[in-house]
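Subject: Structure handover

Dear colleague,

Here is the structure I said I would pass on. My notes on it follow below the model.

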Amino acid sequence: MPAASSVGDGVTVVEGATAGTGHAYAHVHAASGSSRGKGVEFSSQAKIHTTFTKTPDYFAEGRPYVVPIGKKGVLGALQELNEHLLQTGHKKIISDKVPTDWIGKEVAPGQIGLINHGGLPKLLTKPGRYPGFPLRNWWARSYEGVRGLSDGVINFRGLTVVQVSQNQAAVISDPQNKIFVLKNSGFVAYGITGSYDVLAIVDQTHLPHVVKDHVTGAILGRSLEVWMSTTTAPSSTKDCVAALFLDIPANNCAILQSGNDLELLPAGQYCITHPNVTLRGLYTLGENQFEMSTKNIFTLDKVPVRLKLYFKWQLDEPLKLATHGYETPYDVLQDNTQSILTQFFARLDYGSMIEQHSLVGSDNIENTEGSSQILDTLRTHAMDHLHAAALEYGITLKSLAVIDKGEIAGTMDKLTKRALQSQVEAANVDRDNSNKVKQEKGVPSVALMKAKAHSIRVPHREKQTKPIARFLSLALP
C-alpha cells in the first residue's frame, strides 16, 4: 500500500467519481489524539456526496483572457478571445492575411499557422498558401510552422490552447499558481497577466503506479502524483505535489483524511488537489486469506509454544479500522491474535500440555473428530474472543485453522521428552535424598548400639574381679 501523500496547493475543478459503484460515501470524525489500537468516537452516518474531492468550477467566475472551448471548437474560442483582446486595447492574435492557392507556406484544413510577429503570436486560421511577398507582409515576422486544431496542447508566445478527451485530465497551473484540473473539455488563454502552464496530461484509465496489498499481492488500485516545480530563487527550484490521481477498481475503496476527518471513497476515478487532503490508504472489500506465525507464547510454567495459523476474513467497515489508528487489517489480526493466544496459553500448566500429546490428530479447528482438548478449547474460547475483537475494527473473521501441525507435534514431542527427563531427574534426586536420609538416620543408631554394648560389658567384668580379689587376699598369708 502507498504512504500518505500531501497534495499541492491550489483550487481545483474536479468532476468527482467517473465510475461509481453501489457503495455509499461515508464520512467520520476521528477524535484528536487517538493512537493505534485505542477506541475513538465513530459515527456510521453515511453521506450521499463526498466533500474532500469536490472543488468549485475554475471557470465559474469570470477570468480575463480565458475562453472555454464550446460547441464552436477551437476556432470559435480563438475568435472570441481575439475580439476580447481588441475590446481591451491589445493586439489581435488572428492574422488578416489572405491565402492563395499557388505559392507560399501551406496551411491545410484542420491546422493553424503560427507566426512570430515581433514576439507576439499571430495565427493563420484559413487553409491555403501564404506567399512570402509582398515584403511588407513579412517584415518583422517569421513563420513558425503549423499545429493541428485537435492537438492536446498548443503553447506559442503566451497563447495556450488545451483540450482533453473523455478519459484524459489536464493538470494546469494558472498565472497565480493555482492548480485546476480539466476533464473532457478545453480552453484557450492569452498570458497577458501570466502564463498557463500545463503540468501533465493524464490518462485516468491507465495510471502508471500500481498499489498492491503487501501481504496478498492483490491490486488495490492505481495512482499518479503530478509534481510542479516552483522557482524560489534565480537558480533554485522546489518541487511539490500538485495533484493526486486515483483509479479504484470495483469492490475496493480508499480513505482520505483532512485533519481529524476521514472520508470513504468507493470504486471510481478521482483527482485530489486540495492541500489539506491526504490519502490514508487503499483497501479491498472482498474476502482475503493469509497465514500468520505467532511469536513464542509461554505457558504457565514458562514453556514456549509457537503456532502457524490460517485466517479467512473480510473488511466490511474500513472507517472503523482507520479510526483506531491501524493502516492495514493484518496489523489488527496479528496484534489481537498474539494477545488472545498469550492469555489463553498463560492459563495452561505444563502437565495439561503433556496430556494432550495427541494434538497431531487434526489440523482444522472446525473438525472436532480426533482433535485434542487444547484445540477444542482454542476454538471455543480464544477464537470467539478474536472474532469479537475483529468486529470492533470492522473485520469479519470467517474461518481460522492451525495449518502447521508438524511444528505443533514437534513442540509437543519436545514437551513430552522434557517431562520424561524431568520425571527421571526427579526420581533420581528422590532416591539420592532417601539414601542420604537413611544413612544419616543410621549413624546415631549404630552409635547407640555400640554404647549399649560397651555399657553391658564393663559392669560384668567388675563383678568377676571382686570375688577373685577377695579370695586372693584370704589365701595369701
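In β19, L256 has E263 as its bridge partner. The strands in question are β18 (residues 252–258) and β19, which run antiparallel and are joined by 5 bridges; two strands count as paired if DSSP finds at least two bridges between them. Helices (H or I, at least four residues) and strands (E, at least two) are DSSP runs, numbered from the N terminus. The hairpin of β18 and β19 has 2 residues between the strands, and G259 takes a positive phi near 65° there. Of the 5 residues in β19 (residues 261–265), 4 are buried, and the strand is mostly covered. Buried means under 20% relative accessible area, exposed over 50%, and partly exposed in between, with a 1.4 Å probe and protein chains only.

Before the rest, the basis: this is a predicted model, in which local features need pLDDT of at least 70 and side-chain atom pairs count only at pLDDT 80 or more, while totals for chains, interfaces and linings use all residues. Residues are numbered from 1 along each chain as its sequence is written, and side-chain values use heavy atoms, with hydrogens and water left out.

C253 also sits in strand β18. Its relative accessible area is 2%, so C253 is buried. Not counting residues up to four places away in sequence, C253 touches I248, L264, L265, G281, L282, Y283, L285 and P318, where contact means heavy atoms within 4.5 Å. L285 is 32 residues from C253 along the chain, and their C-alpha atoms are separated by 7.3 Å.

On the cores: a nonpolar core is a set of buried Ala, Val, Leu, Ile, Met, Phe, Trp, Tyr and Cys residues joined through side-chain atoms within 4.5 Å. The largest has 37 residues, and F311, W313 and L341 touch the most other members. At least two residues of this core come from each of β18, β19, β22 (287–293), β25 (308–315), α2 (318–323), α3 (329–345), α5 (373–392) and β26 (395–402). Helix α3 gives the most, with 7 residues. Leaving aside neighbours within four places in sequence, L341 is in contact with T294, I297, L307, L309, L378, A382 and M383. Apart from this core lies another, of 20 residues, with Y65, A77, V188 and Y190 among them.

Helix α1 (residues 73–87) has 15 residues and reaches 22 Å from its first C-alpha to its last, close to the 21 Å expected at 1.5 Å a residue; the expected span is 1.5 Å times one less than the number of residues. Its buried residues are V74, A77, L78, L81, N82 and L85. Seen down the axis of α1, these buried residues fall within an arc of 140°, so they line one face of the helix; the arc is that of the directions from the helix axis to the C-beta atoms. They pack against β3 (66–68), β6 (120–124), β10 (159–163) and β13 (186–190). Just after α1, G89 takes a positive phi of about 85°.

α1 lies across β3, β10 and β13, and runs at about 30° to β13. Axes here are lines fitted to C-alpha atoms, for helices over the stretch in contact, and angles run from 0 to 180 degrees between N-to-C directions. The sheet concerned is open, with 4 strands in the order β3-β13-β10-β9 and antiparallel pairing. Its edge strands are β3 and β9 (153–156), each pairing on one side only. Direction ignored, neighbouring strands of this sheet are turned by 10° against each other on average. Between β3 and β13 there are 3 bridges, and V67 stands opposite V188 in β13.

A further open sheet has 4 strands in the order β15-β16-β17-β20, again with antiparallel pairing. Here β15 (209–212) and β20 (268–272) are the edge strands, and each pairs on one side only. The twist averages 30° from one strand to the next. Strand β17 (residues 236–248) and β20 run antiparallel, joined by 5 bridges; the bridge partner of L246 in β20 is Y270.

For the chain as a whole, the secondary structure comes to 6 helices and 26 strands. Buried residues make up 39% of the 477 residues. Of the contacts with a separation of 6 or more, 66% are between residues 24 or more positions apart.

Regards
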